[in-house]
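Open the model in your viewer and keep the sequence beside it. The tour goes stop by stop, with something to select at each one.

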Amino acid sequence: MNMIPYAIEAVQRCWHIFPVNPKGTCCPQSGDVIDKQPHLINPDKPYKIRWVECATNDLDRIIAAWSHSPAANPAIACGPSKLLVVDCDTMDAAAAWYET
């Protein structure tokens, strides 16, 4: 699946994003499942990056990254994007948070 339109849409919202491996991705060296982990286009180190340093809202960098790896999921760097995320792992937790 081509995720470039979604990456561009995120940039248009002024979000800083970075690429993460799509579901089912395996490390070519170890065979470990590495989906949802940050990655770069470097085949020697496919997911050894510091996402904070890679997160950007520079459209040219985004297009370059996703042109080389169009199936990568865009992940949002919340801090640089000035977003607050509340992670409720259960419906009970979500309901309790909503009630406060």
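Which side chain does R13 meet in a salt bridge? Select R13 and E9: their side chains form the bridge, with 2.9 Å from N to O. This is a predicted model, and one salt bridge is what the structure holds. R13 has a relative accessible area of 47%, so it counts as partly exposed. E9 has 34% and is therefore partly exposed too.

**Confidence**

Next, colour the model by pLDDT. The mean for the protein is 81, and 83% of the residues reach 70 or more. Among the elements, α1 has the highest mean, 95, while helix α2 (residues 51-54) has the lowest, 76. Where pLDDT is low, the predicted coordinates should not be read in detail.

**The largest core**

Select M3, I4, A7, A10, V11, I17, I62, A65, W66 and A72. These 10 residues make up the largest nonpolar core. Two elements, α1 (4-12) and α3 (59-68), each give two or more residues to this core. Which of the elements gives the most? α1 does, with four residues.

Leaving aside residues up to four places away in sequence, A10 touches W15 and I17.

**A buried loop residue**

Move to T56, which lies in the loop between α2 and α3. Is T56 buried or exposed? Its relative accessibility is 8%, and buried means under 20%, so T56 counts as buried. Show the residues around T56: W15, H16, I17, R61 and I62 are in contact with it, again not counting residues up to four places away in sequence.

To place V86, find the loop between β2 (73-76) and α4 (91-99). V86 has 40% relative accessibility, which means that it counts as partly exposed. Compare T56, which also lies in a loop but counts as buried at 8%.

Key: Residues are numbered from 1 along each chain as its sequence is written. This is a predicted model: local features need pLDDT of at least 70, side-chain atom pairs count only at pLDDT 80 or more; totals for chains, interfaces and linings use all residues. Side-chain values use heavy atoms; hydrogens and water are left out. Buried means under 20% relative accessible area, exposed over 50%, partly exposed in between (1.4 Å probe, protein chains only). A salt bridge is a side-chain nitrogen of Lys or Arg within 4 Å of a carboxyl oxygen of Asp or Glu. A nonpolar core is a set of buried Ala, Val, Leu, Ile, Met, Phe, Trp, Tyr and Cys residues joined through side-chain atoms within 4.5 Å. Contact means heavy atoms within 4.5 Å. pLDDT is the predictor's confidence in each residue, from 0 to 100.
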